[in-house]
Amino acid sequence: MKTSIATVCIAGDLREKLAAIAAAGFDGIEIFEQDFITFDASPREVGAMVRDHGLEISLFQPFRDFEGLPEPERARAFDRMERKFDLMQELGTDLVLVCSSVHPKALGGIDRMAGDFRALGERAAKRGLRVGYEALAWGKHVWDHRDAWEVVRRADHPNIGLIVDSFHTLGRKIDPDSIRSIPGDKIFFVQLADAPMIEMDLLYWSRHFRNMPGEGDLDVTAFTRAVAATGYNGHFSLEVFNDQFRGGSPRAIALDGHRSLVYLLDQVKRAEPDIAVEVPEIPPRIRAEGFAFVEFAASEEEAQGLRTLLTSLGFHLAGKHIAKQVEVWQQGEIRIVVNTDPEGFAYTAHIAHGLNICDVGLTVESAQATVERAEALGATPFRQPVGPGELEIPAIRGVGSGLLHFIDRTSNLADVWEIEFEPVAGNDDTGAGLTRIDHIAQTMNYEEMLTWSLFYISLFETQKMATVDVVDPGGLVRSQAIESPDGAIRVTLNGAETHRTFAGRFIADSFGSSVQHVAFATDDIFATADALQANGFAMLPVPENYYDDLAARLGLEPDVVARLRAANILYDEDAQGAYYQIYSRAFGDGIFFEIVQRAARYGGYGAPNAPFRIAAQRRLMPATGIPRR
Ligand code: MG
Ligand code: MG
């Protein structure tokens with residue numbers, strides 16, 4: 001498989017773009033004219049620079065308003081093209097993209113257009129160059145790849161072919177399977193982009209909102225399957241116009257782009273095993289079975305506060321590490337690791353971020369396969385020295401500052417708690433009825449949200465849910481859930497647009513995006529509330545107004561509201577079921593715990609309750625036993 005990306009997708013000058021594109025693992029680039037017009041080097045030098053980065057120029061683009069013109073515009077278009085042919089030869093590329101005309105004088109007429117391309121094919125052939133024709137979704141006469149193909153078919157010239165672009169086909173809601181009837185050798189190039197489903201002007205949507213395959217709502221997989229089924233075996237190239245990406249980090253965006261292509265082509269090959277495209281064999285998307293642990297990096301003073309908080313939540317100290325200052329606290333299937341060791345990753349993470357969740361463990365079928373797939377998708381493996389008697393647990397760096405460790409049952413990794421930890425006697429699991437981790441919530445800058453969702457979706461068998469706006473008194477926070485089909489893992493991504501929000505302040509204060517809250521599940525929220533009260537757990541108080549509003553909003557019976565009010569429980573419901581929430585006060589730089597009960601098949605995360613929670617946490621921010629830095 002050959003991967004490529006248009007230089008216009010990412011930020012920076014040409015040199016920065018090339019470095020980022022090469023580092024991400026692409027084979028080629030689509031070079032945009034603007035990118036080297038503004039660059040201070042000759043086309044020949046630019047071509048050499050591209051090749052020095054180990055890249056090829058797979059396409060030169062765009063050439064606009066070529067076909068179907070009357071004279072004298074027609075002759076001028078051919079002259080203009082001859083000059084571009086000169087340029088292409090100096091750059092060292094043989095393929096140019098001609099997009100369907102939007103010229104006001106373009107006459108249309110399929111045979112006229114085909115005739116123009118046949119004549120152009122003759123000129124291109126003399127120089128050993130090729131021309132690809134692309135239907136723009138807003139073209140004047142041609143806006144459908146089926147019509148562009150008919151022009152190419154009638155042009156009937158070996159140097160004239162078709163270029164298909166997933167955005168133009170899927171954005172126009174054209175059935176991508178119509179590509180299957182086109183001969184693969186007449187498709188010269190394939191451009192890929194996704195986009196969120198927003199009803200707006202096609203041109204504006206295309207120029208500002210495209211994103212990487214898998215990041216949006218278009219069925220880019222169905223499109224790419226159809227292309228591959230034709231026998232096409234050329235470049236799969238990203239052409240993504242996105243305001244956010246153009247302002248983002250070139251390396252991060254290039255990495256996301258490459259990840260999106262590896263993910264996409266892996267999905268395509270599984271669905272269409274007979275295609276000619278050679279796709280590296282990697283393990284399929286990983287089914288995560290649950291959260292194995294959540295690890296805090298803490299100072300001894302912070303750990304003291306954390307122990308008190310965990311105890312009040314019904315956790316007990318279950319084990320102490322054989323060699324390190326690491327404890328594991330347990331309740332039900334939940335394990336919270338508290339790491340105060342003066343060495344290793346947690347220690348470094350603590351120096352950088354203060355008290356933070358530096359590591360999340362996931363239970364998977366094969367830890368080895370998980371790391372293998374993650375590495376193929378461009379993730380960075382993580383290793384640190386392993387002491388005598390300790391296990392080497394496979395791990396990668398997450399998208400933010402933290403780690404992900406993988407524990408499986410096929411090896412002895414699941415026994416790590418017995419192998420590396422001394423049990424602590426006399427601490428029975430009386431608990432408060434907390435059974436497992438329902439979800440973890442990660443907070444990041446809004447611009448990073450797509451990176452995070454692509455990371456999870458491409459690695460794990462998960463799906464992304466609709467984005468929800470969470471109203472914070474300081475601004476808006478976008479929240480998107482990533483879930484496995486059976487709900488075994490749920491991660492909410494919270495993108496903060498401003499540092500005035502509670503989530504935004506967390507990122508600023510803790511110097512980086514990471515897990516801000518962990519939600520524990522209970523099967524009986526009222527019994528848990530009673531147990532927590534008896535344990536002296538400092539619940540987040542819920543204002544009286546909340547319950548008055550709740551009663552009015554959802555039409556709840558007075559006795560139900562009274563029970564919720566007495567126990568400080570927040571409530572939400574959807575068509576499938578109900579949701580009960582209890583929150584802790586915030587600690588550290590704004591970390592907190594949540595306790596939830598999902599009744600029936602409630603699918604959300606209590607977004608309508610977030611403003612009340614945030615307001616209360618802001619008021620009580622410093623009021624826990626855990627010091628802020
Ligand atoms: Mg295109
Ligand atoms: Mg939550």
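Biologist: What makes strand 13 (residues 356-364) count as largely enclosed by the rest of the structure?

Modeller: Nine of its nine residues are buried, so the strand is largely enclosed. Buried means under 20% relative accessible area; exposed is over 50%, partly exposed in between (1.4 Å probe, protein chains only). A strand is a DSSP run of E with at least two residues, a helix one of H or I with at least four, both numbered from the N terminus.

Biologist: What kind of model is this?

Modeller: This is a predicted model: local features need pLDDT of at least 70, side-chain atom pairs count only at pLDDT 80 or more, and totals for chains, interfaces and linings use all residues. Residues are numbered from 1 along each chain as its sequence is written, chains are lettered from A and ligands numbered from 1 in the order in which they are written, and side-chain values use heavy atoms, leaving out hydrogens and water.

Biologist: How many bridges join strand 9 (residues 288-297) to strand 13?

Modeller: Eight, and the two strands run antiparallel. Strands pair if DSSP finds at least two bridges between them. Glu-295 stands opposite Asp-359. Strand 13 also runs parallel to strand 16 (residues 403-408), joined by six bridges. There, Val-364 has Asp-408 as its bridge partner.

Biologist: Why is Val-164 called buried?

Modeller: Its relative accessibility is 1%, so Val-164 counts as buried. It lies in strand 6 (residues 160-165). Its contacts, meaning heavy atoms within 4.5 Å, include Ile-179, Ile-187 and Phe-223, leaving aside neighbours within four places in sequence. Val-164 and Ile-187 are 23 residues apart in sequence, yet 7.4 Å apart in space, C-alpha to C-alpha.

Biologist: Which residues coordinate the magnesium ion (ligand 1)?

Modeller: Glu-134, Asp-165, Gln-191 and Glu-239, at 2.1 to 2.2 Å. Donors are N, O and S atoms within 2.8 Å of the metal (3.2 Å for Na, K and Ca); water is not among the atoms, so sites may look incomplete. Asp-165 in strand 6 and Gln-191 in strand 7 (residues 187-192) link distant parts of the chain, 26 residues apart. Asp-165 has 2% relative accessibility, so it counts as buried. Gln-191, at 0%, counts as buried too.

Biologist: Which residues coordinate the magnesium ion (ligand 2)?

Modeller: His-439, His-517 and Glu-594, at 2.2 to 2.3 Å. His-439 lies in strand 18 (residues 434-445) and His-517 in strand 23 (residues 514-522), so the pair ties together parts 78 residues apart in sequence. Both histidines are buried.

Biologist: Which residues of helix 20 (residues 558-567) are buried?

Modeller: Val-561, Leu-564 and Ala-567. They cover an arc of only 140° around the axis, which puts them on the same side of helix 20. That arc is taken from the directions from the helix axis to the C-beta atoms. The face turned away carries the exposed Pro-558, Asp-559 and Ala-566.
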